[in-house]
Amino acid sequence: MLCNKNLEKLARLRYGGVVVAHIAIFVIFIWIGGLKFINYEAEGITPFVANSPLSSFLYKDAKDYKLHKIPEGTANEQNAHWQQENRTYLVSYGLGVLIIAFGTLVLLGIFYPYLGLIGGGLVFLMTLITLSFLITTPEVWVPNMGGADYGFPYLSGAGRLVIKDLAILACALIITGSCAQRILRTKTRL
């Protein structure tokens, strides 16, 4: 059984965990946000954007994306031209800028809690939208291709990518709460 002294030491891990949450979101968001400027990533998010009622309007032709998919690691000049005309790359660049900005706000929250509060709130909202793709995007579920395991609850690669945002959502809540607590402490000292 753990003694109180050891439990107190373990409880202090919470503070380090909050800092690690700030850094983890920053690293994830800088990396993923940066990839939004690469065509394969822009093409890869097309099913999510095209199927969401919150974002499909950003594309010129959200309905025909399946006809113009470009699998990762391949090239198709005709489909790339369609993606360009569809605003696929432009939308992805915009998302990249937002994601990098949100991650930067979260990192700065280590030093400036007001920025962390804003960044944590924005990351929370963004992950809610991302998690909504589990409802709006057919590609998140294994398709029926003759096997026994398809549809709900069988997550495809895209679905497994999306479900991980639950952890980011939890970190965003922890960061937002921690920054709010630091702001309150500062106000009570004044």
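A pocket here is an open set of grid points with protein on both sides within 12 Å along at least five of seven lines. By that definition, about 230 Å³ of space lies in the second largest pocket of this predicted model. We will come back to that pocket after a look at the whole chain.

**Stop 1: the whole chain**

Show the cartoon. The protein chain has 9 helices and 0 strands. Read along the sequence, the pattern is α-α-α-α-α-α-α-α-α. Now colour by burial. Of the 190 residues in the protein chain, 34% are buried. Contacts reach along the sequence too. Among those between residues at least 6 apart, 64% join residues at least 24 apart.

**Stop 2: the largest pocket**

Rolling a probe the size of a water molecule over the atoms shows where empty space is left. The largest pocket holds about 1,200 Å³ of space. Select Lys36, Ile45, Phe48, Thr130 and Phe133: of the 40 lining residues, these are the closest to the pocket's centre. What is the lining made of, by residue class? It divides into 26 nonpolar, 6 polar and 8 charged residues.

**Stop 3**

**Stop 4**

Select Arg14, Tyr15, Val18, Val19, His22, Ile110, Ile174, Ser178, Gln181, Arg182 and Arg185, which line the second largest pocket. Which elements give two or more residues to this lining? They are H2 and H9. The lining divides into 5 nonpolar, 3 polar and 3 charged residues.

**Stop 4: the cysteines**

How many disulfides are there? The count comes to 0. Select Cys179, which is in no disulfide. The nearest cysteine sulfur is that of Cys171, 13 Å away. Cys179 counts as buried because its relative accessibility is 0%, under the 20% cut-off. Now jump to Cys3. At 39% relative accessibility, Cys3 counts as partly exposed.

**Stop 5: two backbone details**

Most residues other than glycine have a negative phi, and most peptide bonds are trans. Two places call for a look at the backbone.

- Select Phe152 and Pro153. The peptide bond from Phe152 to Pro153 is cis, with omega near 5°. Pro153 is found in the loop between H7 and H8.
- Select Arg87. Although Arg87 is not a glycine, its phi is positive, about 75°. Arg87 lies in the loop between helix H5 (77-85) and H6. With a relative accessible area of 34%, Arg87 is partly exposed.

Key. Residues numbered from 1 in each chain as written. Predicted model: local features only at pLDDT ≥ 70, side-chain atom pairs only at ≥ 80, totals over all residues. Heavy atoms only, no water. 1 Å grid on protein atoms, 1.4 Å probe; cavity = no way out; pocket = protein on both sides within 12 Å on 5 of 7 lines; lining within 4 Å. Points joined across faces, edges and corners; volume = space filled by probe spheres on them. Nonpolar A, V, L, I, M, F, W, Y, C, P; charged D, E, K, R; others polar. Helix = DSSP H or I, 4+ residues; strand = E, 2+ residues; numbered from the N terminus. Disulfide = S-S within 2.5 Å. Buried < 20%, exposed > 50% of the residue type's maximum accessible area, 1.4 Å probe, protein only. Contact = heavy atoms within 4.5 Å.
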